[in-house]
There are 2 protein chains.
Amino acid sequence: MKSAVEPLKARRIYLLLRDRIVAGELPPGGRLPGEPALATEHAVSRVTVRRALDLLEKEGLVQRKAGSGTFVHDTRAVRPIVADLSNVLSHLIDMGRSTDVKLLSFGYGIPPESIAESLGLKPGERVQRSVRVRLIDGEPFSYLTTHVPEWIGLTYSEAELAARPLLELIERSGVTTERATQAINATLAGPEAAAALDLEIGSPLLTLTRIVYEPSGRGVEHLHALYRPDRYSFHMDLVRTGNDGERRWSPALGWPRTTEKAERKKADKSKTDKSKLGEKPTRSTRAIKQRS
Amino acid sequence: MKSAVEPLKARRIYLLLRDRIVAGELPPGGRLPGEPALATEHAVSRVTVRRALDLLEKEGLVQRKAGSGTFVHDTRAVRPIVADLSNVLSHLIDMGRSTDVKLLSFGYGIPPESIAESLGLKPGERVQRSVRVRLIDGEPFSYLTTHVPEWIGLTYSEAELAARPLLELIERSGVTTERATQAINATLAGPEAAAALDLEIGSPLLTLTRIVYEPSGRGVEHLHALYRPDRYSFHMDLVRTGNDGERRWSPALGWPRTTEKAERKKADKSKTDKSKLGEKPTRSTRAIKQRS
DNA sequence: CAAAGCTGTATTATCCATCATACAGGTTCC
DNA sequence: GGAACCTGTATGATGGATAATACAGCTTTG
């Protein structure tokens, strides 16, 4: 008799309350039901409820006051870094935030078949594979695995890859990059990505898979990116296009990024709010675990 | 002494192997290390390794042969439904697949503050809130929560909402929808969404938050969508634009969706593979729990 | 102040995931 | 055939998550 892999009850309640809070069912600043009430309501013990509340508190979603109750933290939810759909980070630098890159792995070899296929390589053709982590203000937010055909990869050094954008190096080699396709999806963090991004195993991640082609149609870069959703997300402005029968949304290209300044303000604000709390709770998760 | 919330070891190994397989480190069709080898390698018992392999097998990533070994399933990874970034499903219908909508909840009330703010409502202004699930070929793939100002929501009935696209109803009411902003992110499935999407609690989900504005700048729709990543993902074609100093990717609007037919074939194939597996085990978790 | 409610903390018992081990049966290879 | 693998299955032991309970200390309310 195989028992179902039941997620820990504390986690179940944590996710339930988290959804209620971010959905706004529990008004910000309001008190949520007492621990005994929650325990009976969800048919678990109070200890388990406390575990769930511990997680919520660590994420800054609630604030507990001994003798009084547990309250929904009324500061705006922490906004992730904003990236437009073309995945450009330049405006972050404009905002005076420092980005950095750590090169975790670098080497040449035969690529997995799925990547060879998407790059249009001949069987046995070699590629350069690299794994990098991007940091903003010292905190990791993306985990990038790239595969580039060997004849391109050889035109730059390992040190250059660690210092400059990969696409810039590819274009410097004489290749013109014209077209690309990308897909955005979600997955769970495995052990390596979790360690690199300073997350728990099993945390949710945004994924971006992009293949860049040169005009002839050959692939020149295969990028697989994992993003921390609390520090990164894709934003875009849309306009309604098409005639009456077939109306749809299209990305606003005119670059009327009217929200840009507003987003920037929000980001700054949330940042200060957060530091006001003292310790950044997300960050210390692992450390706390170690100590106890 | 608070014990560390260690993710289940079976899950840890499952994620590790999953990453290795999808990254292609283990060649498709190849045999992965035997269960005893994996057990000693990761310092767990063989029972735990088997749990991880059970999960991988259930997802169709590996195939086990008694007496022989466990092999990476060489069918192409299951491709999710493709949606372009404007999130249009019309081409799915063109492809002869049936979509359906289930209305889970419908009502009026005061919205949470974050939604009221993003819609630009006055304090106390009421909204219509609805929760819907979208199915494709009978399988749920998205969980949609929408908030619409009351004066718009009153122009259509509950039955109409269950039958027609919300945006169509909004436009029918005389409102012109011009602009929208959206953000794509990732999160974990809470109990309600997990049940509606036929998933385990804690599964990864793609999120899309879109706010639609009328020309005056007032918000007319707040959409929060959760997507099953194995059944849905965002695809887009990009072209390189801008002059030399400031080059970036922009979405290709010309609609040269050359991959469309290929994707369709893949999707159909994966579907048959899946039904071949017989019972879907994910669903029965809750029932099992009740009994014990 | 006193009562009622809340969070913080500790204790003991139970249940389930994991471990270590053993054995049965299939496959591969010599 | 037989040795050396492999997966499938069952066993009892162990540790951690959870349950049930009790109590201390704080806050709010009357």
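Ala43(A) is exposed, with a relative accessible area of 66%, where exposed means over 50%, buried under 20% and partly exposed in between (1.4 Å probe, protein chains only). This is a predicted model, in which local features need pLDDT of at least 70 and side-chain atom pairs count only at pLDDT 80 or more, while totals for chains, interfaces and linings use all residues. Residues are numbered from 1 along each chain as its sequence is written, chains are lettered from A and ligands numbered from 1 in the order in which they are written, and side-chain values use heavy atoms, with hydrogens and water left out.

**Backbone angles**

- Most residues other than glycine have a negative phi.
- Ala43(A), although not a glycine, has a positive phi of about 60°, and this residue lies in the loop between helix 2 (35-41) and helix 3 (46-58) of chain A; helices (H or I, at least four residues) and strands (E, at least two) are DSSP runs, numbered from the N terminus.
- Asp137(A) has a positive phi near 50°, sits in the loop between strand 6 (127-136) and strand 7 (139-149) of chain A, and is partly exposed, with a relative accessible area of 35%.

- Of the 27 residues around DNA strand C, Arg46(A), Arg50(A), Gly67(A), Thr48(B) and Arg51(B) come nearest, a residue being near if one of its heavy atoms lies within 4 Å.
- Sugar and phosphate account for 61% of the atoms of DNA strand C that come within 4 Å of the protein.
- Helix 3 of chain B gives the largest share of this surface, four residues.
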